[in-house]
Amino acid sequence: MVARDVLYEAARRRTFAVISHPDAGKSTLTEAIALHAKAITEAGAVHGKPGRRAVVSDWMRLEQARGISVTSAVLTFSYRDILINLVDTPGHADFSEDTYRVVSAVDSVVMLLDAAKGLESQTLRLFDVCRAQGIPVITFVNKWDRPGRDALELCDELAARTGLQPMPLTWPVGPAGDFHGVLDCRDGTVVRYLRTVGGAAAAREERLDPTAAAAQEGAAWSVAREEADLLADSGGGIGLERFLAAEASPVLFGAALLNQGVRQLLDFLVDSAPAPRPRADVTGQPRHLDAPFSAFVFKVQTGMNPAHRDQVAFARVCSGAFERGMVVTNTATGRPFATKYVQQAFGRQRSTVDVAYPGDVIGLVNATVLRVGDTLFAGAVPVRFPRLPSFAPACFAVARPADISRAKQFHRAIARLRAEGIVQVMRSQRRGQGGIPVLAAVGPMQFEVALHRMEWEFASPMTLEHLAYTVVRRLVDPGQRPLVDAGWRSEVLEREDGTELAVFASQIELAVLQRLHPHIELDHLVGGVG
Ligand code: G4P
């Protein structure tokens, strides 16, 4: 494979994710995007929403019971000769750690807002992760077909709460609930939509030049024009460099359910969102796109195929060309890893991958030795990408095997869940250094998944004793551990990577400790609350 091909292939890729609060319309938007790109022919094909055609069904009983999608999948399709990798994120807040890892594997993010609700807390928390990693963010205001808030007010909120300068790319003609079409802020034309039944197919569009738009849309057009100009004049003109530097966010409006405003989003992604860029290794050196193959694992998932229990490690290609059958090295172990079975996932359907380039996501099947954060490389010179710092957990529980005679299986299974990033596993000196793990999670549903998998998949049911800690800090100096452990409602939990977390029942215990020992050094964690 000549280097030029790798650079060419990388340049024609766009790898992005959609982040949003549950119910803002992420699944609907994902389908609308795939529909526009003609990757599917009918909405409902990917996520199998109730009432729409379900091609692929949920794989876990828990998911079915809850009616939520716990897992991430990658949708890959072409649009205007560009290869799009849309990395899906779990919708539920409890899985924001998973979303956080996905964000580390993409080149840009679409932040999806519900027109009636604006920026919700979960979206803001996920946005913080994009900011920490300098990922460019595009804002899509959804559900404009329903009554909602004022467009300018939404943009003000975006600026005030994220610090991103909103750049109007399209502006709604008509207020929320009376959506006529969108104004293209760059050339003043208006795209009007002709409704399709139930949003099952791409919306039919009619483009009006500014004169025709002014004549036919009258006041709605003038208001849209004035508002968009007002925002542009206040510093929100289209400045791509500021978008790429993650200082400004292009804003588009639409209704994903009716497939309106979605083509403009897709066109912007193709025209202006960043293609894969060189990724820095642990030493801070950027790994050139045409260097030998390298990738990092951002997700490990078990049991995607209910027919036979398998395990897929999803890795983002960072450099070079990947060819199926290649033997690569896992930097963490120094061991070779044969890539005979590699897949691409489309919803829950998968196809074999023969070749992949920077920006692509490959699913390595039966990769039981791979863990989240591992780097894979080809060639003689090893590379290691920085491990992702773990998200701040908010729930803690002591785990014990329900059947003590199966302790060995229990520990093996816990190690598996940890490797997949389902839960964080910690030790506490207070509870004896030996075997008793304390599980930590961002949200309680992660515990439910762990309990479910222990019972059904590993045949090693466990019990959880929940610990009432709500405040978490990183203990900077391990020598100060006894100060925290001496507290009645606080303790130190040690993470596998050596990080020591000081956990407290409430802010009061934290304040008391700080008053008694003002020199104690405690840091906040990524995504931390409390
Ligand atoms: P999520 O993945 O972010 O959780 O959201 P999802 O796409 O499931 O959408 C949540 C609800 O919002 C769905 O309604 C969906 O139809 C609706 N929705 C999404 N986009 C739009 C839009 O542009 N306009 C309007 N009016 N509604 C939208 P539901 O009743 O919960 O489910 P369903 O039966 O319609 O699938």
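Start at the ligand and select Asp145: an N or O atom in its side chain is 2.8 Å from a nitrogen atom of the ligand, a polar contact, meaning a pair of N or O atoms within 3.5 Å. Of the 700 Å² of accessible area that the ligand has on its own, the protein covers 74% (Shrake-Rupley method, 1.4 Å probe).

Before the next stop, please note that this is a predicted model, where local features need pLDDT of at least 70, side-chain atom pairs count only at pLDDT 80 or more, and totals for chains, interfaces and linings use all residues. Residues are numbered from 1 along each chain as its sequence is written, and side-chain values use heavy atoms, leaving out hydrogens and water.

Now select Ser27, where a polar side-chain atom lies 2.6 Å from an oxygen atom of the ligand. Lys143 is another stop: an N or O atom of its side chain is 3.1 Å from a ligand oxygen.

Finally, find the open sheet, whose four antiparallel strands follow the order β7-β8-β9-β10 (strands pair if DSSP finds at least two bridges between them). β7 (170-173) and β10 (204-208) each have a single partner strand, so one side of each is left without a neighbour in the sheet. Select Tyr193 to see Glu205 of β10 opposite.

Conventions: Helix = DSSP H or I, 4+ residues; strand = E, 2+ residues; numbered from the N terminus. Polar contact = N/O pair within 3.5 Å; in protein donor to acceptor, adjacent residues only side chain to side chain.
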